[in-house]
Amino acid sequence: MGDNVLELNLGLGNFPSHVGQSPRPRCPAPFLLKTYDLLEEGEAEDGSSKIVSWNSQGTAFVVWSPSEFSEFTLPRYFKHNNFSSFIRQLNTYGFKKISSKRWEFKHEKFQRGCRHMLAEITRKKCEPSVFPAYLKSSSEENAMTSTEDNNHQLLMEENKNLKKERLELQMQIAECKALEVKLLACLSVYGQSPK
């Protein structure tokens, strides 16, 4: 019986000594792993027309063709083909769109060849206050007001950028519609010409 007790005591030695500490390293979020994988696999493919790739420095990535990315790439890695949902996910992990002319996204810990840094990327947290405003001290209130002002300013800036992007997209749509009209006119002329 003494041997059994000894074995049990030895078995307890496998638990971490600090309560609350995780015995295993933190794993990156599946979204981040899949996004990293699609970029790495895209680099491995030799194609003249890239859909998505790292930028030249490897510090950000560019979606060169959002329509092809939605149609071909997203469904291979995710359960959807919605480009807007993909962007929303990027935003929740703190990625920033860094170019107004193309779909280029950056996060300081998301870089080519640095897969190990993905575990350091976490979702943005929106922590609502537990206490009502009238129970807070004035210093807490000032800090909250400052944070709220900063958040408001960031939201206003993002709103401005989104409006600019919307206008760019509307211009692209108008160009596509004009091209469609021209193509239909060419087709009708071609269809009417004697054979």
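The model is predicted, so local features were kept only at pLDDT of at least 70 and side-chain atom pairs only at pLDDT 80 or more, while totals for chains, interfaces and linings use all residues. Residues are numbered from 1 along each chain as its sequence is written, and side-chain values use heavy atoms, with hydrogens and water left out.

Searching the whole structure turned up 16 aromatic pairs (Phe, Tyr or Trp rings, the six-membered one for Trp, with centres within 6.5 Å; planes under 30 degrees apart are stacked, over 60 edge-to-face, the rest tilted). One of them joins tyrosine 36 and phenylalanine 110, edge-to-face at 5.8 Å between centres and 85 degrees between planes. The partners sit 74 residues apart, tyrosine 36 in helix H2 (residues 30-44) and phenylalanine 110 in the loop between strand S4 (103-106) and helix H5 (138-192). Helices here are DSSP runs of H or I with at least four residues, strands runs of E with at least two, numbered from the N terminus. Both tyrosine 36 and phenylalanine 110 are buried (under 20% relative accessible area; exposed is over 50%, partly exposed in between, with a 1.4 Å probe and protein chains only).

Phenylalanine 83 and tryptophan 103 make another edge-to-face pair, with centres 5.1 Å apart and planes at 85 degrees. Because phenylalanine 83 belongs to helix H4 (residues 83-92) and tryptophan 103 to strand S4, this pair ties together parts 20 residues apart in sequence. Phenylalanine 83 and tryptophan 103 are both buried.

Turning to H4, its buried residues are Phe83, Phe86, Ile87 and Leu90. Viewed down the H4 axis they fall within an arc of 95 degrees, so they line one face of the helix (the arc is taken over directions from the helix axis to the C-beta atoms). After H4 comes glycine 94, with a positive phi near 90 degrees.

Then there is the core. The largest nonpolar core holds 26 residues (buried Ala, Val, Leu, Ile, Met, Phe, Trp, Tyr and Cys joined through side-chain atoms within 4.5 Å). The residues with the most contacts inside this core are Phe61, Val63, Phe69, Phe86, Phe95, Phe105 and Phe110. Two or more residues each come from H2, strand S1 (52-54), strand S2 (60-63), helix H3 (66-77), H4 and S4, and H2 gives the largest share, 5 residues.
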